[in-house]
Amino acid sequence: MDDIINEILQELESPKTTISDEKLQTFLYEEMDRIGGIVDESVTPRQRSARTSALVRKVRPLITAESELDRLHQLLDVIYCQMKFSYRYTDYFNSDNLVLHKVLQTKQGMPVSFAAILLYLAAKCGIPLFAVNFPTQIILRAEITHYDGRQETLFINPADGKFLSIEDLEKWLDGEPPMVGVLVTPMLIRRAEPFELLERVETLFKMALTKEKKFQEVLEMINFRLIFSPDDPYEIRDRGMIFATMECFQAAYEDLSYFVDQCPDDPSAMMIKMDIKQLEQKGKEIVLH
């Protein structure tokens, strides 16, 4: 773990460079694999790497087409038809759907885990596939160049590997009350930035682990992030909420008070203010006893 932290710190201190397309494609997989290692330490980094390499060795020889579009179709066929990866609709917020080495074993997961796998394989097979941080769920965009030089952008639902039209995406938005009537704009379907993907994945992990009452694992995730952003009020807020759930009232009070002080206008701050005094009192009662 210390080696990983030192490597990331070096990257942060180095001059900023534009991320390559391949690095952007593999980012989601690598981050989900890293978080999965924090959540489930029973599988070593070497074992996780071996499973990833085995998947690439199995899939890459099957992607033989010359055109980008045909290679994309082959990749989707391999994952969803031949290997039969399937979206687990029931028990959606289960951390097993997010821990990639478990997803590779069971071939069951959620859209973001399948997206990570497809993106990683696309990078290894020369397919221009990228993540989109769409409001309803992660989707994929294929930036295809045809033989005649014509450019085409296609969208894919990683839950099942099917192509999506703009009309489909607008129907998805209409299904979300805050997004009703919102039209799909270029901003909504652009390539996702790494920080957007990381934030979304970490939120999903936190929700799943909290639901499963795996509070220690959530704390480890948050503390890892705080190494690089020690004053991040939102990470500190999330840590405070976990402390409150674990009945560590004084620690919860300190973290949530910090968040309210730093982000007084945030919508969640208004709700948290109502709980802070109660947390402070509970913390004093424990000290007195």
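Reader: In which sense do strand β3 and β4 pair, and over how many bridges?

Author: This is a predicted model, and in it strand β3, residues 129-132, pairs with β4 in the antiparallel sense over 4 bridges. The two strands form a hairpin, with 6 residues between them, and within this pairing Ala 131 stands opposite Leu 140 of β4.

Reader: How many bridges join β4 to strand β5, and which residue stands opposite Gln 151?

Author: Strand β5, residues 151-157, is joined to β4 by 6 bridges, and these two strands run antiparallel. Thr 145 is the residue that stands opposite Gln 151 in β5. The hairpin of β4 and β5 has 5 residues between the strands, and in it Gly 149 takes a positive phi near 90°.

Reader: Why is β4 described as largely enclosed by the rest of the structure?

Author: As a general idea, in a regular strand the side chains alternate between the two faces of the sheet. For strand β4, residues 139-145, the count is that 6 of the 7 residues are buried, so the strand is largely enclosed by the rest of the structure.

Reader: How should I read a nonpolar core, and which residues have the most contacts inside the largest one?

Author: In soluble globular proteins, nonpolar side chains tend to be buried together. Here the largest nonpolar core has 76 residues, and those with the most contacts inside it are Leu 28, Leu 75, Val 112, Ile 117, Leu 129 and Phe 205. Helix α6, which covers residues 111-124, gives the most to this core, with 10 residues. Apart from it lies another core, of 10 residues, including Val 132, Leu 164, Leu 169 and Leu 188.

Reader: Which residues does Phe 205 touch, if those up to four places away in sequence are not counted?

Author: With those set aside, Phe 205 touches Met 32, Ile 35, Gly 36, Val 39, Leu 98, Val 99 and Met 221.

Reader: Is Glu 202 buried or exposed, and what is it in contact with?

Author: Glu 202, which lies in helix α8, has a relative accessible area of 4% and is therefore buried, since the cut-off for that word is under 20%. Leaving aside neighbours within four places in sequence, Glu 202 is in contact with Arg 34, Ile 35, Met 221, Arg 225 and Glu 235.

Reader: How many cavities of 30 Å³ or more does a search of the whole structure find?

Author: Rolling a probe the size of a water molecule over the atoms shows where empty space is left. In this structure the search finds 1 cavity of 30 Å³ or more, and about 30 Å³ of space lies in the largest cavity. Its lining consists of Leu 24, Leu 28, Leu 119, Ala 131, Ala 192 and Leu 197, which by class gives 6 nonpolar, no polar and no charged residues.

Reader: What lines the second largest pocket?

Author: The second largest pocket holds about 260 Å³ of space and is lined by 14 residues, of which Asn 133, Thr 136, Arg 200, Thr 203 and Leu 204 lie nearest its centre. Helix α8 gives the most to this lining, with 6 residues, and the lining divides into 7 nonpolar, 4 polar and 3 charged residues.

Reader: Where is Lys 84 placed, and what is its phi?

Author: Lys 84 is in the loop between α4 and β1, and although it is not a glycine, it has a positive phi of about 60°. Lys 84 is exposed, with a relative accessible area of 59%.

Technical notes
Residues are numbered from 1 along each chain as its sequence is written. This is a predicted model: local features need pLDDT of at least 70, side-chain atom pairs count only at pLDDT 80 or more; totals for chains, interfaces and linings use all residues. Side-chain values use heavy atoms; hydrogens and water are left out. On a 1 Å grid over the protein atoms alone, a cavity is a set of points where a 1.4 Å probe fits but cannot get out, and a pocket is an open set with protein on both sides within 12 Å along at least five of seven lines; lining residues have an atom within 4 Å of a point. Grid points are joined across faces, edges and corners, and a volume is the space filled by probe spheres set on the points. Ala, Val, Leu, Ile, Met, Phe, Trp, Tyr, Cys and Pro count as nonpolar, Asp, Glu, Lys and Arg as charged, and the others, Gly among them, as polar. A nonpolar core is a set of buried Ala, Val, Leu, Ile, Met, Phe, Trp, Tyr and Cys residues joined through side-chain atoms within 4.5 Å. Buried means under 20% relative accessible area, exposed over 50%, partly exposed in between (1.4 Å probe, protein chains only). Contact means heavy atoms within 4.5 Å. Two strands pair if DSSP finds at least two bridges between them.
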